[in-house]
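This report describes the packing of secondary structure elements and the contact between domains in a single chain.

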Amino acid sequence: MKITRVETFAVPPRWLFCRVETDDGLVGWGEPVIEGRAETVRTAVHELAEQFLIGAEALRIEDHWQLMTKGSFYRGGPVLSSAVAGLDQALWDLAGKAYGAPAHQLLGGPVRERVRAYCWVGGDEPAQVSEQITAQREAGFTAVKMNAAGRTGRLPDGAELRALTARAEAAREALGPAGDFAVDFHGRFSVAGALKAVRALEPYGPLFVEEPVLPEYTHLLGRVASATGTPVATGERLYSRTEVLPALQAGVAVLQPDLSHAGGLSECRRIAALAETWDVVVAPHCPLGPLALAACLQLAFCTPNFLIQEQSIGIHYHGGAELLDYVVDREVFRFHEGHLLRPTGPGLGVEVDERAVRAADGRARPWHNPVWRQPDGSFAEW
Ligand SMILES: [Mg+2]
């Protein structure tokens with residue numbers, strides 16, 4: 001079974017899908033994208049496909065992964081690793097369809113029957129946390145995540161810290177003792193600022209605090225991790241085993257590889273196995289579309305050290321387009337008491353609505369994250 005064609009589709013809200021076709025008619029789908037750089041990744045996907053995949057045997061997934069990640073002298077980084085990720089997902093989708101099994105079955109079989117998921121509340125500048133948590137609880141979710149702060153200085157001042165603890169208190173009250181909330185710092189604070197903020201959150205028992213420092217300061221992450229009993233999470237901006245290793249050495253409790261950024265199912269499976277050797281759990285990052293989430297689920301169901309799954313249905317910046325718009329069978333993404341059930345379909349386990357995808361292609365407006373400034377006019381982390 002040889003690969004004959006690779007197509008890409010840029011669809012609202014900000015996603016890129018790839019479709020890999022073979023000479024015996026099987027088709028695999030993946031989602032190679034970096035939020036805000038879909039067109040750049042699209043170019044990389046077609047360059048990699050031309051160089052390494054077209055005309056090649058489809059099911060040599062590992063060999064393709066090796067060539068796509070190591071076959072060029074300059075390698076790695078978010079753009080290339082995301083291009084590889086989507087193509088790798090599509091190859092696993094193809095393999096599952098060729099063998100008539102879900103990808104997680106090919107990776108050792110299921111270790112659980114359902115996967116706990118969380119949703120976002122509060123937006124970029126967290127507000128109305130109580131109301132939104134109450135709505136999510138009524139929808140069956142038992143866990144949510146919110147930003148620690150909006151636009152803030154590197155060192156949070158007293159008012160910002162009080163706002164943070166007030167939101168944490170509101171979250172704990174809305175959830176009750178049994179529910180969980182996680183707090184995403186988005187690297188908005190300095191190391192010292194993160195330390196202050198993490199300690200202030202301790203009485204409210206967050207499930208984890210995420211990206212307390214920027215990924216370029218991973219060498220300083222240990223200062224935060226060793227100074228708090230709150231589990232520290234990071235990983236959405238780390239793209240390979242070698243890049244997550246310093247975070248593990250720093251003492252993180254939760255790794256958050258992104259199946260559409262960190263080399264796909266192949267590499268994220270290995271990242272999870274590496275995390276297991278450090279007694280660390282994984283909570284894959286996924287604010288993306290249906291194929292990215294489907295790939296996350298395939299990993300979740302065959303990974304013993306899995307914690308919880310992020311998902312983006314209804315997230316604040318999608319502006320109406322939803323991952324359900326692009327699949328034929330929406331049951332795969334139906335929540336049962338805040339959990340997703342094990343997909344039994346072949347490959348990634350979702351059937352793409354190809355007509356909807358082709359009709360939406362090119363309708364995605366360019367998406368960029370906001371560029372924030374401090375009141376004095378200087379740059380602020382988003
Ligand atoms: Mg995050």
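Predicted model: local features only at pLDDT ≥ 70, side-chain atom pairs only at ≥ 80, totals over all residues.

Helix α1, residues 38-53, lies across β1 and β2 and runs at about 180 degrees to β1. Helix α3 also packs on the sheet, where α3 touches β2 and β3.

| Helix | Strands | Angle |
|---|---|---|
| α1 | β1 and β2 | about 180 degrees to β1 |
| α3 | β2 and β3 | about 145 degrees with β3 |

The sheet is open and has three strands, in the order β1-β2-β3, with antiparallel pairing. Strands β1 (3-11) and β3 are at the edges with a single partner strand each, so one side of each has no neighbour in the sheet. From one strand to the next, the twist averages 20 degrees. Eight bridges join β1 and β2 in the antiparallel sense. I3 has T22, in β2, as its bridge partner.

The domain assignment of the chain gives domain 1 (3-104) and domain 2 (108-346). Taken over C-alpha atoms, their centres are 25 Å apart. To the contact, domain 1 gives 33 residues and domain 2 gives 27 residues. On the side of domain 1 that touches domain 2, at least two residues come from each of β2 (15-22), β3 (27-30), α2 (61-70), α3 (77-99) and α4 (103-106). The largest share of that side, twelve residues, is supplied by α3. By class, the side of domain 1 that touches domain 2 holds 18 nonpolar, eleven polar and four charged residues.

How values were computed
Residues numbered from 1 in each chain as written. Domains from an automatic or database assignment. Contact = placed C-beta atoms within 7 Å. Helix = DSSP H or I, 4+ residues; strand = E, 2+ residues; numbered from the N terminus. Nonpolar A, V, L, I, M, F, W, Y, C, P; charged D, E, K, R; others polar. Pairing = 2+ DSSP bridges. Axes fitted to C-alpha atoms, helices over the stretch in contact; angles between N-to-C directions.
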